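Look at the model below.

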Amino acid sequence: MAPPNQLCLVLVILLSVFLLSSLSTSAIIPKANVSLSIPSSQLVENLCNGKAIQNRRFCLKALSTPEVIAAMDTTQLGTLIMKLGAANAKATLNVYNEIIKKPCSPQSLKALNCCVEAYKYAILSFEMVSSELVEDPQTANYDVAVIGPEIANCEKELINAKVQAPRLIAGNRFIKYYVSMGYEITSTLELENPNEY
């Protein structure tokens with residue numbers, strides 16, 4: 001019989017394969033209808049060309065919905081980005097919660113629980129930043145930036161526990177992209193409203 005750690009690793013891999021095959025990736029990948037007939041707005045173009053953006057292509061795809069393209073100003077665009085980031089974090093949290101229900105080693109369980117907490121924090125932060133955009137972009141900028149280290153710690157825990165789940169890895173990568181987009185938009189808002197804080 002295989003040792004418990006190997007059995008847990010096999011179960012996590014099998015569960016990941018099952019989740020990949022049975023669930024649509026739209027739960028984590030942004031629901032964006034990329035169409036050549038929908039031009040991106042200048043706001044989106046400017047944002048996605050920003051210094052903080054980690055993946056321009058992802059940014060353009062995530063922000064290609066008609067609702068986002070119709071954003072009239074940086075604050076509206078920022079609010080929509082925070083909603084997309086929170087929705088993405090919720091979808092990834094659901095994947096973590098499904099995986100955590102399966103038997104695994106104590107080290108894997110510890111890593112998964114660490115990530116659950118990181119994603120709960122990310123959801124709250126994205127929602128909080130949404131309300132701070134108008135009143136205090138500087139605080140919003142900080143609050144979105146501190147999501148990154150939480151996700152990095154989650155990734156470190158997964159690596160140390162040797163948890164290999166493609167959907168979790170993808171979710172972590174996408175949340176970092178949303179953090180970079182949130183950081184860029186809040187930085188832009190800070191520049192638009194200097195010395196107000």
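Helices α6 and α7 are roughly antiparallel to each other, because their axes cross at roughly 160 degrees and angles over 145 degrees count as roughly antiparallel. This is a predicted model, in which local features need pLDDT of at least 70, side-chain atom pairs count only at pLDDT 80 or more, and totals for chains, interfaces and linings use all residues. Residues are numbered from 1 along each chain as its sequence is written, and side-chain values use heavy atoms, with hydrogens and water left out.

**Two helix pairs**

Two packed helices are described by the angle between their axes and the distance between the axes. Axes are lines fitted to C-alpha atoms, for helices over the stretch in contact, and angles run from 0 to 180 degrees between N-to-C directions.

| Pair | Angle | Axis distance |
|---|---|---|
| α5 and α6 | about 165 degrees | 9 Å |
| α6 and α7 | roughly 160 degrees | within 7 Å |

The α6 and α7 crossing is left-handed (the near helix is turned anticlockwise from the far one by less than a right angle). Where do α6 and α7 meet? On the α6 side, the residues include Ser125, Phe126 and Met128. On the α7 side, they include Pro137, Thr139 and Ala140. By class, this contact of α6 with α7 has 8 nonpolar, 2 polar and 3 charged residues.

α5 and α6 are also roughly antiparallel to each other. Their crossing is left-handed. The contact of α5 with α6 divides into 18 nonpolar, 8 polar and 3 charged residues.

Helix α7 spans residues 137-145. Its buried residues (under 20% relative accessible area, 1.4 Å probe, protein chains only) are Pro137, Ala140, Asn141, Asp143 and Val144. They pack against α5 (74-100), α6 (106-135), α8 (147-160) and α9 (166-192).

**The whole protein**

The protein has 9 helices and 0 strands. Helices here are DSSP runs of H or I with at least four residues, and strands are E runs of at least two, numbered from the N terminus. Of its 197 residues, 45% count as buried.

**The nonpolar core**

In soluble globular proteins, nonpolar side chains tend to be buried together. Here the largest nonpolar core has 51 residues. Such a core is a set of buried Ala, Val, Leu, Ile, Met, Phe, Trp, Tyr and Cys residues joined through side-chain atoms within 4.5 Å. Which residues have the most contacts inside it? They are Leu63, Tyr96, Phe126 and Met181. Leaving aside neighbours within four places in sequence, Met181 is in contact (heavy atoms within 4.5 Å) with Leu47, Ile53, Phe58, Cys59, Ala62, Leu63 and Ile81.

Key. Buried < 20%, exposed > 50% of the residue type's maximum accessible area, 1.4 Å probe, protein only. Parallel < 35°, antiparallel > 145°, perpendicular 65-115°, else oblique. Nonpolar A, V, L, I, M, F, W, Y, C, P; charged D, E, K, R; others polar.
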